[in-house]
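Subject: A structure for you to explore

Hi there,

Here is the structure I promised to pass on to you. Please have a look at it first, and then read my notes below.

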Amino acid sequence: MVKKPAPDASRRSERSRRAIYAAALALVVEVGYPKTTVEAIAARAGVGKQTIYRWWPAKADVLLEAFLDLAGQAARELGQEPYAIPDTGDLAADLRAVLRATVDELLDPRFEAPSRALAAEGLVNEQLGREFVAKLLEPQLQLYVDRLRSAQDAGHVRADVDPRIALELFVSPLAQRWLQHTGPISHAYTDTLVDYALNGLAPR
């Protein structure tokens, strides 16, 4: 009698993990973060809630990992790995391009709902907030630092400018407007932020 090979536990675990990611992201879009529970995620994913608690301490941790995975998948689909802001030699054009892409992502329901949930939860959950910043926000901000330093090397930005502060001139207003609904976000809006940041407000 031929023995059947034993099930591959690692493959089974990966399928479960993927199902849990998909369930968490879908539920946050459909019912919102407050109504998303570990029990609901488990039911949608077809796993026991013990499986989830074996891998994550709470639903916020599930969502963070699922969102990081979603962001990685999106980057791979666009051929943007390793991450980098284009350097065409035209700093304004490069910043406009990446900020326009950011607007598109922020307005995509797949990204908007989990992004808002994680941002809000991070304000009251210090550990999650630190992870959200360290794993997602800081790597993205470092891309701007790298591009601005390249512009400094090329003589397109003053040498005494601190890139980490300078990037906030266009990144922070976009984040505030999106998070607090103080106004619409669009390509035209981010193009204007780049213009103001690079050229200032004084008469030319």
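Below is what I found, going from the whole chain to single residues.

A word on the ground rules first. This is a predicted model, so to speak of local features pLDDT has to be at least 70, and side-chain atom pairs count only at pLDDT 80 or more, while totals for chains, interfaces and linings use all residues. Residues are numbered from 1 along each chain as its sequence is written, and side-chain values use heavy atoms, with hydrogens and water left out.

**The whole chain**

The protein chain has ten helices and zero strands. Here helices (H or I, at least four residues) and strands (E, at least two) are DSSP runs, numbered from the N terminus. The C-alpha atoms fill a box of roughly 85 × 40 × 25 Å along the principal axes.

Of the 204 residues, 37% count as buried. Buried means under 20% relative accessible area, exposed means over 50%, and partly exposed is in between (1.4 Å probe, protein chains only). The chain exposes about 12300 Å², and carbon and sulfur atoms supply 56% of that area. These areas come from the Shrake-Rupley method with a 1.4 Å probe; for residues, only the protein chains shown count as cover.

Contact means heavy atoms within 4.5 Å. Among contacts with a separation of 6 or more, 60% are between residues 24 or more positions apart.

**Helix α6**

Helix α6 covers residues 109-124, which is 16 residues. How far apart should its ends be? At 1.5 Å a residue, α6 should span 22 Å, and its end C-alpha atoms are 23 Å apart, which agrees. The expected span is 1.5 Å times one less than the number of residues.

The buried residues of α6 include Phe111, Pro114, Ser115 and Leu118.

Phe67 is buried, with a relative accessible area of 3%. Leaving aside neighbours within four places in sequence, Phe67 is in contact with Phe111, Pro114, Ser115 and Leu118, and also with Leu25 and Leu136.

Ser16 sits in helix α1 (residues 9-31). Its relative accessible area is 18%, so Ser16 counts as buried. Beyond neighbours within four places in sequence, Ser16 is in contact with Val47 and Trp55.

Leu193 belongs to helix α10 (residues 187-199). Leu193 is buried too, at a relative accessible area of 10%. Not counting residues up to four places away in sequence, Leu193 touches Phe170, Pro173 and Leu174. The C-alpha atoms of Leu193 and Arg96 are separated by 8.8 Å, though these residues are 97 residues apart along the chain.

**A loop residue**

Is His181 buried or exposed? At 61% relative accessibility, His181 counts as exposed. This residue is found in the loop between α9 (168-180) and α10. The phi of His181 is near 55 degrees, a positive value in a residue other than glycine. Most residues other than glycine have a negative phi.

Enjoy exploring!
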